[in-house]
Amino acid sequence: MDISGRHEEDGEYLMVAAAVHATVDSTRIRSVEGIGFASVREGPALEATVALTAEAVGNLPEPPGGPIVAEGGEFYEEPAEVVGLSFQPEFKYVESVAERETVQAAHHAAYAARELLL
């Protein structure tokens, strides 16, 4: 998953999250099963970011069987164990090449969706 728009623009915020449900091996994405989106116009805070992420994951066509994966900066470098308390299935930060590719796909989707909403 990835979030775009955590900066103020013209006096307001528009954060858009994209959750990509993908089947991966250790080095690449094998298939994309679906993408869930969510947006909010409140300022970036840990609680808002967690809620936005949960909504995007909830908007996937089917729940993921594996972990929710993100870069550490999405949750203000909070430990994965702390962030993970808010999610089912498990939560973790990027560890493999394929996970990084999936987060990158989510980044492009979140950015594009945000641009469409602006």
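Start by selecting Val32, Ile35 and Phe37, which together make a nonpolar surface patch with about 250 Å² of accessible area. Patch members have over 30% relative accessible area and no salt bridge, with like charges joined within 9 Å and nonpolar side chains (Val, Leu, Ile, Met, Phe, Trp, Tyr) within 5 Å. A salt bridge here is a side-chain nitrogen of Lys or Arg within 4 Å of a carboxyl oxygen of Asp or Glu. Areas come from the Shrake-Rupley method with a 1.4 Å probe, and for residues only the protein chains shown count as cover. Val32 lies in strand β3.

The model is predicted, so local features need pLDDT of at least 70 and side-chain atom pairs count only at pLDDT 80 or more, while totals for chains, interfaces and linings use all residues. Residues are numbered from 1 along each chain as its sequence is written, and side-chain values use heavy atoms, with hydrogens and water left out.

Next, select residues 97-117, helix α3. Helices (H or I, at least four residues) and strands (E, at least two) are DSSP runs numbered from the N terminus. The 21 residues of α3 reach 30 Å from first C-alpha to last, close to the 30 Å expected at 1.5 Å a residue; the expected span is 1.5 Å times one less than the number of residues.

Within α3, color the buried residues: Ala98, Glu99, Thr102, Val103, Ala106, Ala109, Ala110, Ala113 and Arg114. Looking down the axis of α3, these buried residues fall within an arc of 145°, so they line one face of the helix. The arc is that of the directions from the helix axis to the C-beta atoms. Buried means under 20% relative accessible area, exposed over 50%, and partly exposed in between (1.4 Å probe, protein chains only). The cover over this face includes β1 (2-4), β2 (15-24), β3 (29-40), β4 (68-70) and β5 (91-93).

Move to Val94, in the loop between β5 and α3. Val94 is buried, at 17% relative accessible area. Val94 touches Val69, Ala70, Glu71, Glu99, Arg100 and Val103, not counting residues up to four places away in sequence; contact means heavy atoms within 4.5 Å.

The last stops concern the backbone. Most residues other than glycine have a negative phi, and most peptide bonds are trans. Select Gln88 and Pro89, which are joined by a cis peptide bond with omega about 0°; Pro89 sits in the loop between α2 (80-84) and β5. Then go to Asp10, in the loop between β1 and β2, where phi is near 55°, a positive value. Asp10 is exposed, with 79% relative accessible area. Finish at Glu77, in the loop between β4 and α2: phi is near 60°, also positive, and Glu77 is exposed at 61%.
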